[in-house]
Amino acid sequence: MNNLLKFIQKYSSFFLFLGFQLICFVFLFSSVNSYHHVSFANSSNIITGGIYEASSNVSGYFNLTSEVEQLRIQNADLKKKLADHKVFIGDDFASINDTNYLQQFDFLNAKIISSYKAGRKNSITINKGTKNNVKPEMGVVGTKGIIGITTSSSRHYTYVKPLIHEDFILEVIHENSKSFGFVKWMLSDDWRTATVVDIPNYVDVKLGDKILTRGSNGLFPMGEMVGFVLSVEDIPGEVYLKVKINLAEDFSSIYNVQVIDNILKKELEELKSNQN
Amino acid sequence: MNPIIKYVLQFIVLILLQVLVVDQISLGYASHFIIPAVYFLFVLMLPLTVSNGVLMFLAFFIGMMVDVFKSTPGMHASAMVVLGYSRPYLLKLIEPREGFDILKSPSIYSMRKDIYFAYVGLASVMFHLWYFTVEVMRFSDFHVILLKTLCSSIISVLLIILMQYLTVKRK
């Protein structure tokens, strides 16, 4: 016993080192592949959120002109497809009534107050929280394409897991063939690209084709822009293609985003759970 | 100035510098490989008399703070603990024959320039190597880890030396 104590005392700093590393790795592994997991503390808390917001209030002025231009383009786009986000519920005799259309997706404007693009576990913080009814598991789109999915929110801020996070996965479709696959952010990707897997190799995927969201999990409407095909790799012996895409959204300059609330999401989830 | 207040200020300033300035530097395509960190300078600047336990705790704490800011799960803290643990060995390794002046905290003026350069350089390589290894978490992509470590370390050391010349008073 005495010898053991002496041993521990002699190597006390090494044991301390192991102890601290253990804490770090518990945090690390409890966050891996956990879609629903709310991490211990992230940039959506009030102090870091406040600091980031103050800083982005200043830096936001520097690219105001290009942001306004993008918003104009997006506005024009949205006007064109206003009807696309509504679900037609009257399916027998058409009656002229406002209740024919039900608004399915609500959009909330938000501002990105901090974002990282260089690491493997990147993050984005936006300046809307539970006060504005932003909840975990809502889609976030930017002015050009999808950004990510909210994972945890405080009263005023929300942490978004971006497309450029190694745990991100979303079902997408190839616009021309309507065949679907999953978009992932692999190790060979930087913040401008991503990889679509699970598209069968008989599908004719051409360079520059559009890849859109499938809307299957109710986080995004069907047909939100994800990216354009950059290269197609047919792996010998595999039945699926490996499609590299250029992301529509430029993750090095994002500022204005919209959070999507799907009013029918609960219904969709109930339907899915009844199935099982 | 009271040394405690001085170190608390250094702590806050270095974190803010890291997340609000250094992380916002955009280098185009190169920023996929160059991800500089300067906040670990806090641990390098602590006085030589500080005990191992306190050193490691402070390293862990500043790493955790940066983790919270960047929403990374414990990765910075892990790399900082490695740095805190190995600092005494690092100092022993590069100690000149006449030894260090134990009353001064390590800075570019209290040490010989080449020794200080080796100190920051080795610490930076160690920090980045551990960080990127934890981040990628597989050894099949070791060349990516090495490339990132090399590029990021060079830029980090340059930034730290620059900061030393701009902020530390010559005595």
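This briefing describes a predicted model with a chain A and a chain B. Because the model is predicted, local features need pLDDT of at least 70 and side-chain atom pairs count only at pLDDT 80 or more, while totals for chains, interfaces and linings use all residues. Residues are numbered from 1 along each chain as its sequence is written, and chains are lettered from A and ligands numbered from 1 in the order in which they are written.

**Chain A as a whole**

- Chain A has five helices and 14 strands; helices (H or I, at least four residues) and strands (E, at least two) are DSSP runs, numbered from the N terminus.
- Of the 276 residues of chain A, 33% count as buried. A residue is buried if 20 or more other C-beta atoms, placed from the backbone, lie within 10 Å of its own, exposed if 12 or fewer, and partly exposed in between.
- Among the contacts in chain A with a separation of 6 or more, 58% join residues 24 or more positions apart. Two residues are in contact if their C-beta atoms, placed from the backbone, lie within 7 Å.

**Two domains in chain A**

- The domain assignment divides chain A into domain 1 (46-163 + 251-264) and domain 2 (169-247); such bounds come from an automatic or database domain assignment.
- Domain 1 of chain A brings 16 residues to the contact, and domain 2 of chain A brings 13 residues.
- On the side of domain 1 of chain A that touches domain 2 of chain A, at least two residues come from each of β5 (139-141), β6 (146-153) and β14 (256-262).
- That side of domain 1 of chain A consists of eight nonpolar, five polar and three charged residues. Here Ala, Val, Leu, Ile, Met, Phe, Trp, Tyr, Cys and Pro count as nonpolar, Asp, Glu, Lys and Arg as charged, and the others, Gly among them, as polar.

**Where chain A meets chain B**

- The contact joins 26 residues of chain A to 26 residues of chain B.
- On the side of chain A that touches chain B, α2 (12-31) and α3 (46-59) of chain A each supply at least two residues.
- The helix that gives the most to this side is α2(A), with ten residues.
- By class, the side of chain A that touches chain B holds twelve nonpolar, eleven polar and three charged residues.
- Q21(A) lies in helix α2 of chain A and, leaving aside its neighbours within four places in sequence, is in contact with S78(B) and V81(B). Q21(A) counts as partly exposed because it has 19 C-beta neighbours inside 10 Å.

**Helix packing in chain B**

- Two packed helices are described by the angle between their axes and the distance between the axes. Axes are lines fitted to C-alpha atoms, for helices over the stretch in contact, and angles run from 0 to 180 degrees between N-to-C directions.
- Helix α3 (residues 52-70) and helix α4 (residues 75-94) of chain B pack at about 155°, with their axes 7 Å apart. The two helices α3(B) and α4(B) are therefore roughly antiparallel to each other; angles under 35 degrees count as roughly parallel, over 145 as roughly antiparallel, 65 to 115 as roughly perpendicular and the rest as oblique.
- The crossing of α3(B) and α4(B) is right-handed. A crossing is left-handed if the near helix is turned anticlockwise from the far one by less than a right angle, and right-handed if clockwise.
- The residues in the contact of α3(B) with α4(B) are 15 nonpolar, four polar and two charged.
- The axes of α4(B) and helix α5 (residues 113-136) of chain B cross at roughly 150° and come within 9 Å, and α4(B) and α5(B) are therefore roughly antiparallel to each other.
- The crossing in which α4(B) passes α5(B) is right-handed.
- The contact of α4(B) with α5(B) has 16 nonpolar, three polar and one charged residues.

**Individual residues**

- Y52(A) is placed in helix α3 of chain A and is buried because 23 other C-beta atoms lie within 10 Å.
- Y52(A) and E238(A) are 186 residues apart in sequence and 46 Å apart in space, C-alpha to C-alpha.
- N133(A), in the loop between β4 (124-126) and β5 of chain A, has a positive phi of about 60° although it is not a glycine. N133(A) is partly exposed, with 13 other C-beta atoms within 10 Å.
- S71(B), in the loop between α3 and α4 of chain B, is not a glycine but has a positive phi of about 55°. S71(B) is buried because 28 other C-beta atoms lie within 10 Å.
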